[in-house]
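Please read the numbered points with the model open.

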Amino acid sequence: MITTEQVAHLANLARIALTPQEIDKLAGELGIIVDAIAKVSEVAGADVPATSHPIPLTNVFRPDVPGETLTAAQALAGAPEHDGSRFKVSAILGEEQ
Amino acid sequence: MAKAELMDYDLAIEMYEPVLGFEVHVELNTRTKMFSDAPNFFGGEPNTNITPVDLGLPGSLPVVNEQAIKYSISLGLALGCSIAPSSRFARKNYFYPDLAKNYQISQFDEPIAFDGNVEVELDDGRVFQVSIERAHMEEDAGKLTHVGGSTGRIQGAEYSLVDYNRAGIPLVEIVTNMIHGAERDAPELAKAYVSTIRDIVRSLGISDARMERGNLRCDANISLSPRGSGILGTRTETKNVNSLRSVERTIRYEIQRQAAILAKGGTIIQETRHWHEDTGVTSAGRPKSDADDYRYFPEPDLLPVEPSDALIAELRAALPESPLLMRRRLKADWGFGDTDFQSVVNAGLLVELVDTVAAGASPQAARKWWMGEISRTANDRGLEAASLVTPAQVAALVSMVDSGELTDSLARQVLEGVIAGEGTPAEVVAARGLAVVSDDGALIAAIDAALASQPDVLAKIRDGKVQAAGAVIGSVMKAMKGQADAARVRELVLVRASEQ
């Protein structure tokens with residue numbers, strides 16, 4: 001069961017503007033998805049460890065060797081605003097996390 | 001900002017038990033970033049040490065730096081932690097432009113190292129056990145510069161400029177469990193703890209650990225528990241305290257500030273605070289809120305890290321001696337007394353001394369320079385001594401004094417030049433023309449001139465009143481602008497006097 005409050009909270013955290021109608025609709029749909037996943041979970045017994053990845057791969061590493069980098073011009077090419085070397089963003093009332 | 005009311009420190013400790021906790025971020029000095037092959041170098045031209053991965057561009061995929069994993073495991077082992085047989089990365093979701101992806105790759109429920117213990121020695125030699133909850137890997141964020149507004153701080157800024165060169169630099173965050181029992185020594189323990197972590201990462205060689213450069217950053221948590229209540233207080237978290245001295249001052253200040261509020265029946269707000277080095281106060285930052293709902297979930301682009309027992313054993317075998325044991329050994333090796341040795345430790349200059357001795361200087365000479373002239377200059381400028389000169393430069397200076405190429409007073413001038421960035425000691429000597437005049441011919445000429453102008457002194461010396469030579473030595477040293485070895489001048493004065 002997903003409540004409209006939960007959906008509104010998540011939408012706010014994800015910076016997605018939703019109308020009350022959309023929130024109602026999503027709460028219903030998300031509830032169905034969560035129930036469906038819960039059904040799948042019923043199949044897994046206590047002997048099946050939880051996993052975050054479907055493929056049994058581990059330890060995929062990269063050697064510590066420098067490679068190609070972008071130039072500042074390339075980095076800024078897609079930026080809506082910049083000062084020639086840095087990205088320009090509106091001042092946000094927040095802080096480093 | 002309004003000045004907070006503070007309670008007398010002794011009274012605060014009488015009424016409340018301080019409970020501490022620390023989060024120390026260590027930037028690893030790998031060659032490349034945590035998840036991209038961009039050089040691990042913050043500085044230089046903005047936005048040049050970055051790849052599409054660091055900008056989170058569509059289609060880019062992070063890949064874990066193997067060296068960063070090894071460094072993290074070594075650090076975990078040095079902190080007495082267990083290494084997780086399997087750990088994974090997670091996305092910490094938040095909207096702030098210091099990371100372009102709108103999330104930071106971190107570790108959440110499966111950190112690489114957990115359940116450790118660090119022995120922390122206080123100034124008087126008492127050893128305190130600090131229990132480590134976890135050490136996890138994550139990536140550093142970009143650097144924001146707030147433009148507009150008068151203060152340069154975010155309040156009132158019109159816009160911000162972002163440099164992502166630092167984004168993606170590997171970090172290990174070391175989190176302690178709550179620390180009880182430090183009592184009135186809480187500020188000192190705080191400083192000693194961060195200093196110990198710094199010593200450990202330096203001894204491992206995995207970080208430059210320069211606090212003033214942000215290689216090592218401390219977030220200090222503190223709460224006060226009313227005596228006898230058994231109830232934990234609400235904590236505040238003071239962010240990015242950037243020197244050992246500031247760590248100590250922050251804790252002391254927060255104890256006094258929180259105590260004053262509690263004693264009046266007020267409540268402590270759980271919030272992030274900022275330390276202001278110049279005014280010696282903390283100020284309120286962001287209250288804990290919805291924004292802390294980071295919605296961590298496993299990073300789908302990265303696979304679990306499962307270090308083999310063989311790798312862990314290999315890294316364990318390669319661990320250097322613990323700083324605490326090393327201190328005990330060095331003290332004996334160097335033949336320093338308790339006070340002399342402890343003063344070096346307290347000044348945080350042990351590693352500098354070790355490196356200076358390794359570069360050829362005697363322990364006594366290394367101590368003299370680091371604890372003397374260099375520390376004085378550092379204090380005057382409000383900097384850390386280690387940021388002024390390198391151990392190799394100090395060893396070179398000592399060697400020039402030992403060989404008679406420089407006198408002590410000349411060496412001080414050379415040091416000043418090295419600190420001013422004029423080059424190596426040899427370069428400063430050459431550029432400033434500071435070498436001792438070792439040419440006996442030039443000295444003899446000056447001595448003869450001095451003797452000729454002070455015939456009464458010459459007569460006294462001839463009569464065997466050797467002390468009278470002092471006046472001649474003085475005028476010769478003056479003529480040589482101090483660039484002569486006084487002992488050699490004295491020898492030559494006596495020779496010349498007897499020959500005339």
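1. Basis of the note. This is a predicted model, in which local features need pLDDT of at least 70, side-chain atom pairs count only at pLDDT 80 or more, and totals for chains, interfaces and linings use all residues. Residues are numbered from 1 along each chain as its sequence is written, while chains are lettered from A and ligands numbered from 1 in the order in which they are written.

2. Chain B overall. The secondary structure of chain B comprises 17 helices and 15 strands; helices (H or I, at least four residues) and strands (E, at least two) are DSSP runs, numbered from the N terminus. Its C-alpha trace spans about 95 × 55 × 50 Å along the principal axes. Of the 500 residues in chain B, 45% are buried. A residue counts as buried if 20 or more other C-beta atoms lie within 10 Å of its own, as exposed if 12 or fewer do, and as partly exposed in between, with C-beta atoms placed from the backbone.

3. Domains. The domain assignment, which is automatic or from a database, divides chain B into domain 1 (9-311), domain 2 (321-432) and domain 3 (440-499). The C-alpha centres of domain 1 and domain 2 of chain B lie 31 Å apart. Across their boundary, 13 residues of domain 1 of chain B are in contact with nine residues of domain 2 of chain B, a contact being two C-beta atoms, placed from the backbone, within 7 Å. On the domain 1 side, α4(B) gives the most, with six residues.

4. Nonpolar cores. The largest nonpolar core has 71 residues, and B:Tyr193 is among those with the most contacts inside it. Such a core is a set of buried Ala, Val, Leu, Ile, Met, Phe, Trp, Tyr and Cys residues joined through C-beta atoms within 7 Å. Helix α4 (residues 186-204) of chain B gives the most to this core, with ten residues. Leaving out residues up to four places away in sequence, B:Tyr193 touches B:Phe22, B:Val120 and B:Val130. Another core, of 51 residues, lies apart from it and includes B:Leu388 and B:Val414.

5. Contact between the chains. Chain B contributes 48 residues and chain A 35 residues. On the side of chain B that touches chain A, β9(B) gives the most, with five residues.

6. Three strands form an open sheet in the order β2(A)-β9(B)-β8(B), with antiparallel pairing. Its edge strands are β2 (87-90) of chain A and β8 (143-147) of chain B, each pairing on one side only. Strands pair if DSSP finds at least two bridges between them. Four bridges link β2(A) and β9(B), with A:Phe87 opposite B:Val162. Five bridges join β8(B) to β9 (residues 159-163) of chain B, where B:Ser160 is the bridge partner of B:His146.

7. One residue in detail. B:Val63 lies in the loop between α2 (52-55) and β2 (64-65) of chain B. Is B:Val63 buried or partly exposed? It is partly exposed, because 17 other C-beta atoms lie within 10 Å. Beyond its neighbours within four places in sequence, B:Val63 is in contact with A:Val60, A:Arg62 and B:Phe35. B:Phe35 is 28 residues away along the chain, yet its C-alpha atom and that of B:Val63 are separated by 4.8 Å.
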